[in-house]
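I opened my notebook to look up a few local features, one entry at a time. Here is what I wrote down.

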Amino acid sequence: MKPIPLHHVWQYTDVDREFWARRLEDWLPPNIIDAHMHVSDPALRLAPMTDEMRRQYWVNEVLEPMDFTTADHCYAVLFPGRRLTCVGFGMPDLDFDLEAGNAYAQQGCHNRGWHNLAVVRPQWSAEYVSRLLDQPGVVGVKPYYALISRNRETRDAHLEAGIFDFLPHHQLEVLNERRAWVTLHVPKADRLGHPDNLRDIRELRRRYPRVILVIAHLGRCYTEIHAREALPPLADDPGLFFDTSAVLNPASYRIALEHIGPSRLLFGSDNPILFMRGRRQFHQRQYVNRTNYPFHFNRDREPPEIEALYTLFLYEDLWAMRQACQSLGMDDPRTAAMIFHDNAQRLLQLMSESKQKAPP
Ligand SMILES: [Zn+2]
């Protein structure tokens with residue numbers, strides 16, 4: 001069949017169709033919640049993406065804003081026969097109009113019966129965050145350390161920030177009161193296992209126990225070493241959740257399934273980034289993204305016959321998760337239903353119940 005254009009430079013091809021049919025179709029449940037996806041109106045960009053920025057950081061090259069119409073199209077192509085809803089949010093990037101981005105994501109998510117997280121800056125007042133949470137369909141927030149202050153030279157100016165520097169206590173008090181969902185992308189080059197992160201997460205859980213805390217990308221534990229350092233120390237907190245977005249590594253998933261367990265993992269994609277075609281390879285604490293598009297970061301290409309077999313990163317991610325499930329005897333419909341739908345559904349239910357109870 002002819003390739004179907006997806007988004008940006010990505011297409012859906014016969015390789016993807018076959019991958020879906022052979023490795024994923026019989027595993028994924030009929031209802032799926034993608035708990036981590038970015039949706040934005042490209043017109044809300046305030047400053048242009050420059051070639052210099054594209055060279056700085058691979059994500060700058062692949063994270064083209066995706067609007068709702070495109071998201072609807074891509075999900076229909078990627079998940080045939082599935083009913084898919086999202087917890088969607090805008091671009092956590094100060095080169096975009098955050099307020100307008102929140103309004104766009106809120107309206108589009110609400111219209112579709114999806115849920116939405118407001119992207120928040122640490123400077124915003126408790127009252128303002130509270131008003132964002134009042135909007136229909138908004139279940140929580142998405143803070144990010146790059147929102148502390150703008151820096152076009154590097155995405156990592158605030159990488160070593162502490163969690164409370166970009167998710168401050170005055171906001172956490174409101175979030176706790178409102179039983180809000182927080183998707184937390186942890187800081188630090190050492191990722192989730194950094195002692196400060198482990199300490200801050202325990203403090204956050206102790207002081208704000210009603211916050212629904214979802215650690216994004218398994219705590220950025222893309223490599224086995226990072227997963228082994230970070231996940232077992234947090235295994236004993238049954239109220240701590242993790243999304244699977246952009247992990248792609250069977251070894252990380254295996255550690256998560258063994259230590260955290262399937263009832264605390266939520267499927268998330270990190271789309272539109274995961275429409276990228278290729279595969280990821282792991283060496284100790286590093287990973288390499290392989291893709292067939294001539295991006296700046298893609299200098300060390302694999303042979304054409306290997307590139308011809310590439311599927312979407314998202315499918316690779318799902319297959320990595322399934323392989324981990326298989327290796328642990330968890331390749332069953334019940335486990336898949338938990339990770340892909342039921343866990344997120346349970347948390348969304350908690351939030352909407354407290355929203356209904358809130359005084360007008
Ligand atoms: Zn993301």
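Predicted model: local features only at pLDDT ≥ 70, side-chain atom pairs only at ≥ 80, totals over all residues.

Entry on backbone angles. I looked up Arg191 and found it in the loop between E7 and helix H9 (195-207). Its phi is positive, about 70 degrees, although Arg191 is not a glycine. Is Arg191 buried or exposed? I call Arg191 buried because 22 other C-beta atoms lie within 10 Å, and the cut-off for buried is 20 or more.

Next I turned to Arg179, which sits in the loop between H8 and strand E7 (181-184). Arg179 is another non-glycine residue with a positive phi, near 55 degrees. Arg179 has 22 other C-beta atoms within 10 Å, so I count it as buried.

Entry on a cis bond. I found a cis peptide bond between Asn271 and Pro272, with omega about 10 degrees. Pro272 belongs to the loop between strand E10 (265-266) and strand E11 (277-283).

Entry on two helices. How do H6 (residues 126-134) and H8 (residues 169-177) cross? I read that their axes come within 9 Å and cross at roughly 35 degrees, and the crossing is right-handed. Ala126, Val129 and Ser130 of H6 meet His170, Gln171, Glu173 and Val174 of H8. I sorted these contact residues into three nonpolar, three polar and one charged.

Entry on strand E4 (residues 83-89). Six of its seven residues are buried. E4 runs parallel to E3 (residues 31-38), joined by six bridges, and Gly88 in E4 is the bridge partner of Met37. Two bridges join E4 to E5 (residues 115-120), also parallel, and here Val87 stands opposite His115.

Conventions. Residues numbered from 1 in each chain as written. Axes fitted to C-alpha atoms, helices over the stretch in contact; angles between N-to-C directions. Helix = DSSP H or I, 4+ residues; strand = E, 2+ residues; numbered from the N terminus. Left-handed = near helix turned anticlockwise from the far one by under 90°. Contact = placed C-beta atoms within 7 Å. Nonpolar A, V, L, I, M, F, W, Y, C, P; charged D, E, K, R; others polar. Buried ≥ 20, exposed ≤ 12 C-beta atoms within 10 Å, placed from the backbone. Pairing = 2+ DSSP bridges.
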